[in-house]
Amino acid sequence: MKIKPEYQSFSSRRTKILGVWDDHDYGVNDGGISDPLYTTAVQDMFLHFLDEPEDSPRWNRKGLYGSYLFGEGEHTIKLILLDPRSQIDREKGTVLGDEQWEWLDRELRSDPTPLTLIGTGM
């Protein structure tokens, strides 16, 4: 994908490219926590593709969830990306898992911004 001229043209505009996976990026169709195709190596490949900064906490957790702040002062926007794929557990009836729910709660309470956007691949 990165070698395609269209992608190179888009990314050369200094556009910040962020993302989180869905089931076909993650492994099998409708895969989740028990998907045998998921490994930290797969997560690392995904983060490398996105050029995620080396100091990003996304490198050190199971799952691609993360948050970003854009702008300054009253023009600040917070983007929260959720990763239900790495945590979905149909037997327990959860899509985020305990760790990600706790993280999301902290994120929603910290860094108050005029606008918070939440994105997910699901």
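This is a predicted model: local features need pLDDT of at least 70, side-chain atom pairs count only at pLDDT 80 or more; totals for chains, interfaces and linings use all residues.

**Exercise 1. Find out how many helices and strands the protein has, and in what pattern they follow one another.**

Step 1: Count the elements. There are 4 helices and 3 strands.

Step 2: Walk along the sequence. The pattern reads α-α-α-β-β-α-β.

Step 3: Check the confidence. The mean pLDDT is 84, and 87% of the residues reach 70 or more. Helix H2 (residues 23-26) has the lowest confidence, with a mean of 62, while strand S2 (residues 77-82) has the highest, at 95.

**Exercise 2. Work out which residues of helix H3 (residues 40-49) are buried, and how they are placed around the axis.**

Step 1: Pick out the residues with under 20% relative accessible area. In H3 these are Val42, Gln43, Phe46 and Leu47.

Step 2: Look at their directions. They span an arc of only 135 degrees around the axis, so they lie on the same side of H3.

Step 3: Recall a rule about helices. An α-helix has 3.6 residues a turn, so residues three or four places apart point the same way.

Step 4: Turn to the face of H3 directed away from the buried side. Here you find the exposed residues Met45 and His48.

Step 5: Go just past the end of H3. Asp51 has a positive phi there, of about 55 degrees.

**Exercise 3. Determine the order of the strands in the sheet, and say which strands lie at the edges.**

Step 1: Start with strand S1 (residues 66-70) and S2. They run antiparallel and are joined by 5 bridges; Tyr68, for instance, has Leu79 in S2 as its bridge partner.

Step 2: See how the chain gets from S1 to S2. The two form a hairpin with 6 residues between them, and Gly71 in the turn has a positive phi of about 90 degrees.

Step 3: Move on to S2 and S3. These run parallel, with 6 bridges between them, and Ile77 has Leu115 of S3 as its bridge partner.

Step 4: The 3 strands make an open sheet in the order S1-S2-S3, with mixed pairing. S1 and S3 (115-120) are the edge strands, as each pairs on one side only. From one strand to the next, the twist averages 20 degrees.

**Exercise 4. Find which strands helix H4 (residues 97-109) touches, and what angle its direction makes with that of S2.**

Step 1: Look for contacts. H4 packs on the sheet and touches S1, S2 and S3.

Step 2: Compare directions. The direction of H4 makes about 175 degrees with that of S2.

Methods
Residues are numbered from 1 along each chain as its sequence is written. Side-chain values use heavy atoms; hydrogens and water are left out. Buried means under 20% relative accessible area, exposed over 50%, partly exposed in between (1.4 Å probe, protein chains only). The arc is that of the directions from the helix axis to the C-beta atoms. pLDDT is the predictor's confidence in each residue, from 0 to 100. Two strands pair if DSSP finds at least two bridges between them. Axes are lines fitted to C-alpha atoms, for helices over the stretch in contact, and angles run from 0 to 180 degrees between N-to-C directions. Contact means heavy atoms within 4.5 Å.
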